[in-house]
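Work through the exercises below with the model open. Try each task before reading its solution.

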Amino acid sequence: MTLAPEKKSKKTKKLSMKARYEALTRGLDWEPSYVAKDEMFPHLDYEGIKIHDWAAWEDPFRLTIDSYCKYQAEKDKRLYAVLDGFAQGQGHLSLTDASYLNAMKVFIQGVTPLEYGAHRHFAYLARHFAGPGPRFAALCQSIDEIRHMQTEIHTLSNYNKYYSGMHNWPENFDRVWYLSVPKSFFEDALSCGPFEFLIAVGFSFEYLLTNLLFVPFMSGASFNGDLPTMTFGFSAQSDESRHMTLGLEAIKFLLEQDEANVEIVQGWIDKWFWRSYRVTALVAQMLDYMLPRKVMSWKESFELYFEEQMLGGLFEDLAFYGIKPPRHVEDAIKEKELLSHQVYWTLYQFSFAAGFTTTAPTDEHLDWLSQAYPDTFDKYYRPLWEKEKKNIENGGRHFARGLPQLCQVCQVPMLFTEPGEPSVLAQHESEFEGEIYHTCSNGCQWIFDREPEKYRQAWLPVHQILQGNCGGPTVPDVLEWYGLQDGDAGEYIGSRDHKNWVAWQGEAAADTAAPTEKAGA
Amino acid sequence: MQYELKTQVIEPQRHTFTHIAKRYGDKPASRYLEGTIDVQAKEHFHYRPTWDPTREIFDDSYSIFRLTDAYSFLDPRQFYYAPYVTARAAHHEAFATSLKYIEDRGLLERLSDGWKGVLTELVIPLRHLESAGQLILCNMARFGWGASITQAAAYSGFDRVGNAQVLSRAGIALGGGTADLLTEAKQHWMDDAALQPLRKFAEETIVEADWGVALLQLDAVDHLLYDLLYQHLDDEAVNNGAPAYSLISQHMSSWFDDNRKWIDALYKAWRADPELGETNAAMLAEHGGAAVDAALAAVTPFAARIDELLGAEVNAVDRITTKAAEVRAAYTGEQA
Amino acid sequence: MSEQTAADQTQTKAVRDVGVVIQESESNRPVIEAIEQDNPECTTMHTPGLVRITAPGRIVINQETVEEKVGREWETHEFQMAIVSYFGNIQEWDDDEIVIAWDH
C-alpha cells in the first residue's frame, strides 16, 4: 500500500476534509418517530448532565472509515514486522536483564484486561450517545482498544514462551490481590453512567494521566532492549492521541452545554483524578525499581507530564469554564517523593504471592535513587534497604507474614503516609450503616464518603481469602487458585527466570549478577 | 541498536498462554486465538452497574441466546484487529477505484431516471439504516458475553459506518460533488411512505434490549435488502445498461458475503451447544421466523417502489417474498 | 535527564506551552524538521525513541512544509503515524494544517 494520496487534479470537485467529514458522518443523527427518544437513548438523563445540542460536538480528527482503515492497517503492518523479526532473532536475549520483564508481567496482568474493558464500554457510548459525532469517535475507540489489547498480547506472547508470570493473565486479573487495584478502578468506571465514564476514562485517565503511564514506560522499554514493547507502545499512543482528543472534546462539550454541568463534572474530575492517580502507584514503582536501566524517575515524570503539562497547561484552560484543579492534587504532589518507594517496599515483601518477582536494589540502584530523590530517599528508605541487605547476607530475605489490609476504595494495601508526614501511616475510617470501612488517604476517604453504597460492594481480595473464598486457608492453596506456577512469584535472584537468563547469557551475564547471587531466596 | 546473531537454540518454557493450552494443548496458537480466547473478565465484579443494578458489569443474561462455553463461537475469518483493518483498507480502496472510474466516465450522469430514482430515493437513504445497524451491533459489542462475540460485533458495527459512507460517497458523486443528495436522502428517509415501515422496523430493533434477538432482526432485513439491491438489481443493472449501479453494488454485496460468515457461525454455535443447543434452536425458529415476517412486511413497500421506478418486470416484491421464505425455512427447518 | 523542571518553565513564561511528542524515526525526521522550521520558538527534548517539541501557545504543522521536506505528497492524516502524544488542544486538523493550541 502506498501512503501518498492520489493526485489532487480533481481537487476542485472534492469536498474539503471538513466538509467531507461533515457529510459522511454528521448527517446521521437519529430522530425517532416510532419509539420515544428516551426509549432509544435511555441512559442520558440519570446522571444530571444536560445536553442541548449534540451537533455542537466537534471531532477535530475528521477521520473517515477509509482513512482510518488505511492508516491503522499501515501501523499494524509495521508493528507486526517488528514483532516477527524480534521473535525470529531471539531478541529477548538482548534485554538488559530478565528482571526487566517484571514490569511487563504487571502490564499484561493489569493493563491489558483494561483495554478489553474499554473496548466494551466505548461500544456502550457508541450505542448510547445521542449524537453521531461522539458515537463514531467512541466506536473508533472501542475497536482501537481491541487493537491495544491484542498488540500487547501479541508482543508479550513471545516473552511468555521463555519467561514466567505472563502465562495466566486473564485468571490472574480476576483473582490476584494486587490486580484488584486496576480491576476495581476500571469496573468503577464501567459501572458509571455514560458521561461519568467518559470523564473517568476519556478525560481523567486518557488525557490527564496516560502520558504518565505510557510515555516514560515505553522509553523504558526502548532503553532496556525491549524493541517490541516500545513499538507497540508508540503505535498504541498514536491512537491514544485521538482518545485524548475525545476526552478533551468531551469535557469541553459538557461544560459548554449547560452551566449546571460544571459542578457535576468538577465532582467527577475530583473523584477520577484520585482514582486514576492511585492506579499509577503501580507505574511509579515500575519506573523507579523494575527497570534495570532507568529512564526517568517517577518524580521527574510526574513533574513533566502532570504538573507542567496538566496543572500548568490544561487546568489554566479549563479555568475559563470555572473548573478548578482536582481536589487532593496537593496530596499527590506531596507524595511524589515517597510514592514509588512505599509501594515497592510493600510489593517486595508480598511478592511471594504475586505473578512477578522482586529483588533488593543493588548499590548502584540505591545510589541512583538517592540522587533522584535527594530529600527523601536517604532519610526514609535507604536505611530500610541497607538493613535488608544485611538480612540477605545472613540468608534471611524478608517476606511479610500475613496479609495486608487493603484500602476499601483503591484496594492498594494501606501503605501510604499522611501528606507531609512521611512517618505517619495514613489510616482513615468511615462508618456506613454500622460498618467501618478503611481507606488509605484523604482522597480515597472522600471518594468512599461520596458513594458508600457503591464502595461497600468491593470484592476485596484479602477479605475474600480470609472468608475462605480463594481456594483454601494456606498460601499454597491461594497461589494454586490464582493459577500461579512455580517460578512466577517470590525473589528474582535464584528464580527460574534468573537461572535461565544466566544460563542463556553465559559467562558475561553471570559476572554482572554475581554480587547478589548468594542472596537466593 | 547493536545486534549480534544468536546461534544458540533456546527451548521455550511453554508454547502459549495457560488458558489457551487448556483448550488446545501446549502448542503455538494463532494470533486470533491468543488475542481472543478468555480475555473478558468473568468473575468477582466489584460493583453493580448504575445503569442496570440487576446485572453484573459483564453478564450473559442480556440475551436469551447463550453458549455453555462462550468461545465455542469463533469467527471463521479469524479477524483480530490487524487482519480486520487490513481487509477493510483494501475494501475501501477498491471502492474508491470504482468510484473514480464512475466519476471519470460520467457513468452516474448517464443513468436513466428510473435508476437515478432508485439511488436517490431508496438506496442512498439506506445510509440511515446502516447507522441503525451500527447502533444495534454496538449494543451487542457491549452486552454480549465473551470476546469472540463482542469483537465480531464491534467490527461489524464499524463496517456499518463504512457502508453508510460508501452509500454517502455514491450520493456525493451523484450530486456532482456536493452533499445535496444526502440532505434529500434524509428527507426521503424521514417522509417517504415507501421507507417508513423500514424506518419503524429499524427503530424497534434499535430499542430491542436482547442483543441476540436484535441481531436476528437486523439480519432478516439485511437478507432481504442486500439480496434485492445488490444481487437482483445488480443483474438488472448489468442487463439494462446501468453500469454505475453495478459497480457500486458489487462492493456492498461482497461485504454482505463476508459479514455472513461470522453471523452464520454464531447461529451454528448456538445450535451446536451441548447443553443449550436445543433451546437455542427453538428460539432461533421462533425469533428468526418472526424477524423474517416483520422484515418482509417492512421491506415490501420499498420493493414495490422499485417496481414502480424500474418497471413491474423487475419483480422486486416477488424477489423479497421468495427470499423471505428461504430464510424463514433456514430458521425453522421447515420447507419453504 | 531533563534539565528543565515544571517550576522554572511555568514561572518564566506568560504564555503556556503546548507540545507534541513524536516517535524518532527515519520516516518522521522530515516532519520534525518541518515543525522546527515553522515554529521558530519551539524547543525540543530527546528521550529514548522520542522527540518532545514544545512551544509557547501554539504549534502548527503545515502540509506544504512537510511535503517540501519529504519530497512527496503528504496528507495531514498521515501525521497520525508520527504522533505519540500531545498537550494542548487540537484546534484544527484540516487538509493544509494541524494546529495545537490552548483555547483559553
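**Exercise 1. The contact of chains A and B**

How many residues does the contact take from chain B, and how many from chain A?

Solution. This is a predicted model: local features need pLDDT of at least 70, side-chain atom pairs count only at pLDDT 80 or more, and totals for chains, interfaces and linings use all residues. Residues are numbered from 1 along each chain as its sequence is written, while chains are lettered from A and ligands numbered from 1 in the order in which they are written.

Step 1. Apply the contact criterion: two residues are in contact if their C-beta atoms, placed from the backbone, lie within 7 Å. The count is 69 residues from chain B and 73 residues from chain A.

Step 2. Assign elements. Helices (H or I, at least four residues) and strands (E, at least two) are DSSP runs, numbered from the N terminus. On the side of chain B that touches chain A, H6(B) gives the most, with 13 residues.

Step 3. Sort by class. Ala, Val, Leu, Ile, Met, Phe, Trp, Tyr, Cys and Pro count as nonpolar, Asp, Glu, Lys and Arg as charged, and the others, Gly among them, as polar. The side of chain B that touches chain A then has 32 nonpolar, 21 polar and 16 charged residues.

Step 4. Two pairs of chains are in contact, and chains A and B share the most contacts. Chains B and C have no contact; their closest C-alpha atoms are 11 Å apart.

**Exercise 2. One residue of chain B**

Is B:Glu34 buried or exposed?

Solution. Step 1. Locate B:Glu34: helix H2 (residues 31–34) of chain B holds it.

Step 1. Count neighbours. A residue is buried if 20 or more other C-beta atoms lie within 10 Å of its own, exposed if 12 or fewer, and partly exposed in between. B:Glu34 has 22 C-beta neighbours inside 10 Å, so it counts as buried.

Step 2. List contacts, leaving out residues up to four places away in sequence. B:Glu34 touches A:Ile153, A:His154 and A:Ser157, and also B:Thr16, B:Phe17, B:Ile20 and B:Ala29.

**Exercise 3. The sheet of chain C**

What is the strand order of the open sheet of four strands in chain C?

Solution. Step 1. Take the inventory. Chain C has three helices and seven strands.

Step 1. Find pairs; two strands pair if DSSP finds at least two bridges between them. Seven bridges join E1 (residues 17–23) to E3 (residues 50–56) of chain C, antiparallel. C:Asp17 stands opposite C:Pro56. Five bridges join E2(C) to E3(C), also antiparallel.

Step 2. Inspect the turn. E2(C) and E3(C) form a hairpin with two residues between them. C:Gly49 in that turn has a positive phi of about 85°.

Step 3. Write the order: E2-E3-E1-E5 (chain C), with antiparallel pairing. E2 (43–47) and E5 (83–87) of chain C each have a single partner strand, so one side of each is left without a neighbour in the sheet. The twist averages 15° from one strand to the next.

**Exercise 4. Chain A against the sheet**

Which helix of chain A lies across E1, E2, E3 and E5 of chain C?

Step 1. Read off the helix. H9 (residues 194–223) of chain A lies across these strands, at about 140° to E5(C).

Step 2. Count the contact. It takes 37 residues from chain C and 40 residues from chain A. E5(C) supplies the largest share of the side of chain C that touches chain A, five residues.

Definitions and conventions:
Axes are lines fitted to C-alpha atoms, for helices over the stretch in contact, and angles run from 0 to 180 degrees between N-to-C directions.
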